[in-house]
There are 4 protein chains.
Amino acid sequence: MVDFQSVLDAIKETTDKAKDRGQIADYIPELANVDMHKFGIHLLDLEQHNFSAGNSNERFSIQSISKVYTLSMAMGLIGEKLWERVDVEPSGDPFNHLSLLELEKGIPRNPLINPGAIVVADILVSLLDHPKEDFLAFVRNIAGDNMIDYDEKIAASEKLTGFHNYAAANLLKSYNNLENDVETVLDFYFHQCSLTMSCAELANTFYMFINNGKCRKNNTFLTKGQVKRINALMLTCGFYDEAGEFAFEVGLPGKSGVGGGIVALLPNKFCVAAWSPGLNDKGNSKLGMLALEKLTTETELSIF
Amino acid sequence: MVDFQSVLDAIKETTDKAKDRGQIADYIPELANVDMHKFGIHLLDLEQHNFSAGNSNERFSIQSISKVYTLSMAMGLIGEKLWERVDVEPSGDPFNHLSLLELEKGIPRNPLINPGAIVVADILVSLLDHPKEDFLAFVRNIAGDNMIDYDEKIAASEKLTGFHNYAAANLLKSYNNLENDVETVLDFYFHQCSLTMSCAELANTFYMFINNGKCRKNNTFLTKGQVKRINALMLTCGFYDEAGEFAFEVGLPGKSGVGGGIVALLPNKFCVAAWSPGLNDKGNSKLGMLALEKLTTETELSIF
Amino acid sequence: MVDFQSVLDAIKETTDKAKDRGQIADYIPELANVDMHKFGIHLLDLEQHNFSAGNSNERFSIQSISKVYTLSMAMGLIGEKLWERVDVEPSGDPFNHLSLLELEKGIPRNPLINPGAIVVADILVSLLDHPKEDFLAFVRNIAGDNMIDYDEKIAASEKLTGFHNYAAANLLKSYNNLENDVETVLDFYFHQCSLTMSCAELANTFYMFINNGKCRKNNTFLTKGQVKRINALMLTCGFYDEAGEFAFEVGLPGKSGVGGGIVALLPNKFCVAAWSPGLNDKGNSKLGMLALEKLTTETELSIF
Amino acid sequence: MVDFQSVLDAIKETTDKAKDRGQIADYIPELANVDMHKFGIHLLDLEQHNFSAGNSNERFSIQSISKVYTLSMAMGLIGEKLWERVDVEPSGDPFNHLSLLELEKGIPRNPLINPGAIVVADILVSLLDHPKEDFLAFVRNIAGDNMIDYDEKIAASEKLTGFHNYAAANLLKSYNNLENDVETVLDFYFHQCSLTMSCAELANTFYMFINNGKCRKNNTFLTKGQVKRINALMLTCGFYDEAGEFAFEVGLPGKSGVGGGIVALLPNKFCVAAWSPGLNDKGNSKLGMLALEKLTTETELSIF
């Protein structure tokens, strides 16, 4: 039996000493205001034991981690039809996200990069009566926590500066892979990214990915097959251009966000969320990566 | 002395017999309504003799030909500073217009492809008090014709369907190569493209490129050096992915538009405009290309 | 306890009925002579029980599966230094293998695509006294089988037609990422690809990847950390442009070859090799993919 | 009447004062031994008057300028059929020469970049009885000079280090766009590049491009149509990634080589060769570019 608490404590100690904590994302002005000395980690095992260290209850902007929620909700609603509009392959390289869209005629490489997540957002906007409210209810439901909410300031800040996402959405539209207005879809998308949650809350929501689709309160949100596939996508595509590196060094499915959060999981064993706002040059939390690498090295627990 | 009228008559006869007239551009709904049996050609020589055949006085949407006017106006206003924001190299290939923007960090390859023309539009929007009115006045002025105007229906139609241009403008904005609002710049850009002119009017406006920068009424709009450079850009970049083919087969600087118009010129000799709405698979007028190829073959006049 | 034999028998029955068996690789003439009705599968569990169906003892050309052996041997010899010359990220797309080499200045994306495997071959050629003999001894050793051998006809056939590999090796050389002669390195590389083995033999050699680096006879070839990393690489990069699809549908680390072989494994549980010479349009065995998908669906065993 | 001699003298004076003379190409060891203070220029007008300044009679390695000779010879031999194997479009960008070959399935963008010139070399190797001897005879013939020869040391030096050309040739071979052995074709190609000629000799050979295909001794080597097309290709494709810049700044068809030579021409007026071994960062002679820019600026003679 692994003593997770000792491991988390040791990780906390290591990160406290880190001299290089990375760079805070500054392309969204609101994100730049976070204290870069924050660090938190929270682990939840299959038996629902909780372990934590540092600022594990402090909320931060989850950003791209939200793509896992929208993907889960869309898969629950339309199943396999989703794959007619987005592929499941790693995008491979940082130079050409939009060019890949051009080469592949508007079919994004996977749902965890921005263009793919915008297609998923479009699907939800089409299917839901009140997209923002219904999606928020979904997240609160799997978290078992009604206090989770959007940060309207962050959403507004992204809207003003999200030109690259506007470019992607318009390109998708030009290839007929966006059903709704660019503005409507991006309003939804910027809101999903603005969700603020703590490490503890993130770990709670990812419990269903280690428990065959059932959340902590035993409600079923996804089939076993869907969980397997979402986990596979997180492993191959969850870390931008560093997906291979994360699989190689950490060996767990997971997803990161430019707010500095990372969630990862070992099926049937545990899920874990780490947070530190400084990013490495690939856009993933520097200390978050270090923490998870140390976790799997110390415990020798990984999918491989 | 070349008998231009006989050559144009022979060209008209050849195009009359053409079985394959190409495809009309249908991505802008308003363009699709044009009668594809139209064909016109108008040639103006340095001594201001006029020669024409077919529907040479019928107006059509000049589309990308307008890029030569905005470029000329911007060069007149800011000169060499223009080249800090746009390059002068051919773009080379159809697969990767936006990807080149990504690779080259927001500097378009040249001012005659869409992203480059959008940067030029942005420059004019910044410099002019009343951008749309002032630019229209400029075109009327070099044409010596106050009846030239925008087609508001075409402009509105492009606005509704121009997602690829919205993608390009937002990408430029994300690289800080757009000073004004995307909406403001594209409103100007869609208007410049919507100008409707006849072959005769087009030939008139291009007179300054064969006459060292002086228009037909002898006013000077450009220096000799600027004319040389705009002509060079038309030769290397004026025909999308078919620029090499046009230089190779026709051997004149020129510019085409998806409305089916093509203008070309031989410095110190003549300028010529041809129009036929059916396009080849590279987006250039099928019969227009044929007409100009025949013109330079018959007369043995080209820059080479 | 899973009844693997029943599952394999059911798989065999399904593949027997398959109407579309894919296309045999014909770019290497020698490969084109194989009977496309062959199908074999062999599974070895951690306790060294063996299960099989079909032509599981018939040898075939393992081709790219050999990349896992050379990678293992090189990691054993030089460890982390390997990653100075090759990256660990998925290559993502089929259009641009050599262009990625150009963009990334001669560092291949990972050791399981051709350019990366050629770099690994170069490393072995530099380190080994008798590269071909020593490598063959290594494979025989982990297999516990001295009958495994190169097929000189296949190696010669590849040499005559392997222009794309010659292009890759010369490009690597132009970026100073090849220490030895192109000819010497490719001679080694074509030999490694020409190894002929049966499903049973392949499963035997992959036992070390489910047993923490120890082979069936308990000799240790790799550390636990190295095994974890090679498994991660197989998952993210083992199936050309279909790596995401394989992770998504099958959910196991593995490697395929154009000879129609596929090996896959579940750490601490089992390794399995399937073979059928007909390929799908991504270059992976059509029935082999089907077999492994059915295996993980029926048994509900995967890393996710 | 332009006083060319005074212009050349003024150019010589300007280049004498240049502080930055660029960098000598060092990727071919033999090229690195040239004295970088050399500068020569030679101009030949239609009436066969000769003007020169500096080291205009000193021979140097013409390198890529030879592509114009092989293209001319191949066009003379097989005419339009050439264009089934190579295109006529500018390549546009420095990042992806081989990737373009991959995207376009083995059809090089034009005959003046390396892969295109290798296809042309392959055509000559197929057609000529004694390729190297026959091609040398052709060059001597248009030059009217039997002393022109290959530099075997340079050819051997390129063979040892020309890995990028080996990569291109093998890639062409993999797409069935090379009829002969890679070694045979590249042996020819490295020899053509190794030709050593002076500015005076280069100008002599380019006389046919200003005289409708007739050389100085009045023999006809090309039709008027072929001359026009080769001139068009030189303009759009003759200066690597700087073709647009050269057209823009100089405004003449021409071709450069990494030995520091540049030839350019104004049809029916003059041809000119300049040489200085230091290159700019695009691989064209730094002072050669300056000289030609000054020539067309001072004389106001260009095709535009």
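Student: At what angle do helix 2 and helix 5 of chain B pack, and how far apart are their axes?

Tutor: This is a predicted model, where local features need pLDDT of at least 70, side-chain atom pairs count only at pLDDT 80 or more, and totals for chains, interfaces and linings use all residues. Residues are numbered from 1 along each chain as its sequence is written, with chains lettered from A and ligands numbered from 1 in the order in which they are written. Helix 2 (residues 66-78) and helix 5 (residues 131-143) of chain B pack at about 100 degrees, axes 11 Å apart.

Student: Why is helix 2 of chain B called roughly perpendicular to helix 5 of chain B?

Tutor: Angles of 65 to 115 degrees count as roughly perpendicular. The pair sits at about 100 degrees, so helix 2 of chain B is roughly perpendicular to helix 5 of chain B.

Student: Which residues make the contact between helix 2 and helix 5 of chain B?

Tutor: Helix 2 of chain B brings Tyr69(B), Thr70(B) and Met73(B), and helix 5 of chain B brings Phe135(B), Phe138(B) and Val139(B). Being in contact takes C-beta atoms, placed from the backbone, within 7 Å.

Student: How many residues does each chain give where chain B touches chain D?

Tutor: It's 32 residues of chain B with 32 residues of chain D. On the chain B side, helix 10 of chain B gives the largest share, nine residues.

Student: And how many residues do chain C and chain A put into their contact?

Tutor: Chain C puts in 32 residues and chain A 32 residues. Helix 10 of chain C supplies the largest share of the chain C side, nine residues.

How values were computed: Axes fitted to C-alpha atoms, helices over the stretch in contact; angles between N-to-C directions. Helix = DSSP H or I, 4+ residues; strand = E, 2+ residues; numbered from the N terminus. Parallel < 35°, antiparallel > 145°, perpendicular 65-115°, else oblique. Contact = placed C-beta atoms within 7 Å.
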